[in-house]
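These are my notebook entries on a few places that I looked up.

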Amino acid sequence: MTKYNKDKTIHKERTLFGKLIFPMIVVMLIQLGIGYGMFSLSGTMDKLKTERYNGFYEIVANRSEKIQDLMMEKRELAKAYKARLEEEIASLLTERNQTIADLYADSRLDDEIMQELTDEMEEMLKGSLSSGVFLVLEGNGVDNGVKCGYYLRNSRPGMADTRYFSVLRGSEALLEQVEFATNVNWRSEFRIDERPENDFYNKMEQLVEKQGSMNSGYWSPVYCMYGDDQQIITYTVPLVDQEGKFYGVLGIEMSEQMFLDEMAYNEISSSGSASYYLIHRCSSNENYLSMVSFSNSGKGITDKKGYINYSKYDNKDNMYLINTKLAGNYVGTIAGMELYIPQSPYAEEQWALLGVQNENDLLKTYHRLVWGLLVAMVLMVLLGGLEVWYICMRVTTYLRQMMYDIHNSSPKEQLVIGQADIKEIDQLADTIRQLEERSTSSTKLVEIIEMTGILVGAIELRESEDFIFCTWGAAQILEFHHIDRENRYISRKAFDVEIEVLRKNLVKYEGEEDTYQMTSRSGANKWIRVRLKNKDKRTLVAVQDVTAEILEKQKIEYERDYDILTRLLNRTAFRAKLGQLLKRGNLGVAAVVMMDLDNLKFFNDTYGHEYGDKYIREAAVVLSTMNQYGALVARMSGDEFLMFIYGYSDKEEIRALVYDVHKRLKESCITVPTGENIRLRASAGIAWYPDDATYLDELIKYADFAMYETKGNKKGNIKEFDKEKYEKDAVLFTGKEELNRLFEEEGMVRYIFQPIVEAATGEVFGYEALMRPQIDSLRSPEDVMRLAKAQSKLYQVERVTWMAALEAVDMQQKPEDTFRIFINSVPNHVLEEEDTQELEKKYHHLLNRVVIEIIENEQTDKSCMETKCEWAVQHDASIALDDFGTGYSNESTLLYINPKYVKLDMSIISNIHKDESRQKIVHGLLDYTKSHGMKVIAEGIDSYEEMQTLIRLGVDYMQGWYLARGKFKIADIAEELKEQIRECARESQLVGETVTMD
């Protein structure tokens, strides 16, 4: 009975505060819950959300209707021209007493029909204001996937100006008939095979086979035509004869830019987080594929294949949660477009416009209301809790004095608690005395543990007590001073002093949980494991010396992670540590630095591998100093080192560190057996995190690219990664075999010829031969030159230029031709004697009409320049100074070379009619050249106004797209253009006579 009453009293006194405070808090929370519930049930929050969702969808739907109307307009135009061209083709065949079947067997008939339809195609392009139209006929004589076709492109859709028209597909015979320039990606025919970009043709053929003659077409997903680089979407319709037999397709092109012009994402949100995506999916795929995107936040919502992954958002119609790599949550709404007639063959393919916006921006008003409500509730809870706490403390104040005597009892003496003459308190005193007796048994257990020799200790801290229990083992491990072996109690004041000293000496050991490193009294490193447990207002602490365990583990980890020769991190450990850092994030500005020792091979070959290893170790000593700045330093291979420097606020701080260690590396030296001191030298490349990349492999690859770019230019320097140059020079790493094909395989290099006309008469004076590579991966002459320079094959470029250009002229020239042949010569390279003899033997009859275009640069070899000039004199050829007014082609070069022709660079010609400074430059040059018998050629003329101004200034010859674009066939310029030139010349002469008379 006594025990029961005693336990009951203890229970009541320990829960008195709780019995008071708990019901009051519960009542307060219920009141808050009722208020919040009434607000939620009113539906205000959901209504606000719904209004934002509906407004978002209406904006996207309106934009979708505009794009749909644009596409439907192109669709109806294609259908109208389908009927017109079918009738025209049938009429042309009837006139020739031939049928559709003849188109399959006779490729010349296909080409003739195509030439008859060029005016209709031009009219179709003008009327559609689209970026292109094309016509493909089925037959080409053999079934090899090659089709006869005509593809006309407008570089400025929305304008019907034929100056911006160019031919992307068409035979050479067709090119001779039309006045349009050839596109840089021109091909003579269509290649129809299993390529996805030609799916439009196969679909039309299959449609006719299954359905017969139908006035139906097909919208293609976005693609690039084979050999082209422009992203397009096309609508194609089949061409069929009266019997329903398929014989070709007619298509209309809409470039990616045409869609982008219709997508104004700022109408969704002005904060910059909104995006538009034109999307498409077929019946076999659940996810949409992104076709065209207009995004201020990048293209991060698509996966690697371009598909958009999404899920239902907030159980709302037309609202989706977009799976994206971008920071934050993004939601979208989809507005469908009806591009096909219902029940038509491709009506199941779905096109739509997707609007995407950051969730926070979309629900900004909603979130403000929610946060305001939460803040109000928190304030109510805090004020209410403070009131409850105050009331409970007032109720329990009379118990505090009773507890004071117990708390201040000394653990060194027997516990004495006075009688209170209160039954419940006296029972509590008896219970405390029993617990004190049990603690004596605990002391015996501690003595037994100490007898085993295991270095383990324990500490017990009780709240509001002035003495702390601490075993002798704990005192030894923690190196306490104010405790002896016999008395295991230490005053709280002395304990606090010991802990303060210990805290300054303790460092958290990251390799183990609950483990700390400290310096012992002897100065050696020491590791301890500390574990705590809080229970019933007391804290139990167990301590253990784990130094031997940690040292053994560190030895194993060191041998696994560090390079034996340099004691730096090895490749595996570096990648693992850097990968962990990148995964953790919050690295600030960081950089990966790749360093390569420039002289290692010299040391190994000259002094042996022993000194090569010494060279590597000396470099490692210098680089290891970067560890003090928190950098990761590793040896990646024989002579390559990597550093990762992170945690800085800007790039300048990191640059200073890199250039400092690079300087110290160059100042270090090694004494070789000859007694000579040889300095270290290294080339370095830097890739920035997160600007250049955020992934480990990309950072290392980019730093490696920058480093090898330095070694290729000037060893011993530091270079930062340039992404634009990396993408531009990607061909330097992948184009080696293509360059060999260019020089070795016949027909891989062709030349077009751009006219150079007389400014006084408009007659053609000469043609400049311009290289056109026929390999897809080498799209331009600039790619060829950069790749040839990187592989030291500029001589092959010089040889193929002379041979192929003169061969193309020789095949086309007529006996009465006297025009000049302008050939661009590679600086610092002249043909070897064997090639020179072959050139003179084959084309001796053309050499006196050759004009060698020479450009001066800072590496120009003067002897090469003199050799070219001497060769020109020997064969009665001429010299032209190219690109005058830029770089090193200036007045001093005129004096040195004394050319017959001076070609003004297009940077001076551009907008010369608007710039008096440019006009004064040209005027001054003309004064000089006329007095020295030189002729001036203005190249790069793109408008009538530029041409008119240059004729007025008095240039001798002109060249540019306004006059004529280059063609494979040598051709005269239009007669109308000649009349323009003569009219400008007459006006210029009249102005000059008037000025003279005045």
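**Two helices in contact**

I first looked up which residues join the two helices: Tyr 795, Arg 799, Trp 802, Met 803, Leu 806, Glu 807 and Asp 810 of H26 are in contact with Asp 835, Glu 838, Leu 839 and Tyr 843 of H27. I sorted the residues of this contact and noted 6 nonpolar, 5 charged and no polar ones. I keep in mind that the model is a predicted one.

I then looked up the geometry. Helix H26 covers residues 794–812 and helix H27 covers residues 833–843. Their axes are 11 Å apart and meet at an angle of about 5 degrees. Angles under 35 degrees count as roughly parallel, and H26 and H27 are therefore roughly parallel to each other.

**Asp 563**

I next asked where Asp 563 lies, and found it in the loop between helix H16 (547–561) and helix H17 (571–584). Is Asp 563 buried or exposed? Its relative accessible area is 16%. Buried means under 20%, so Asp 563 is buried. Leaving out residues up to four places away in sequence, I recorded that Asp 563 touches Leu 568, Leu 569, Asn 570 and Arg 635.

**Asp 876**

My last entry concerns Asp 876, which I found in the loop between helix H28 (862–874) and strand S35 (878–884). Asp 876 has a relative accessibility of 56%. Exposed means over 50%, so Asp 876 counts as exposed. I also looked up Arg 849: Asp 876 and Arg 849 are 27 residues apart in sequence, and their C-alpha atoms are 7.9 Å apart in space.

Note on methods: Residues are numbered from 1 along each chain as its sequence is written. This is a predicted model: local features need pLDDT of at least 70, side-chain atom pairs count only at pLDDT 80 or more; totals for chains, interfaces and linings use all residues. Side-chain values use heavy atoms; hydrogens and water are left out. Helices (H or I, at least four residues) and strands (E, at least two) are DSSP runs, numbered from the N terminus. Buried means under 20% relative accessible area, exposed over 50%, partly exposed in between (1.4 Å probe, protein chains only). Contact means heavy atoms within 4.5 Å. Axes are lines fitted to C-alpha atoms, for helices over the stretch in contact, and angles run from 0 to 180 degrees between N-to-C directions. Angles under 35 degrees count as roughly parallel, over 145 as roughly antiparallel, 65 to 115 as roughly perpendicular and the rest as oblique. Ala, Val, Leu, Ile, Met, Phe, Trp, Tyr, Cys and Pro count as nonpolar, Asp, Glu, Lys and Arg as charged, and the others, Gly among them, as polar.
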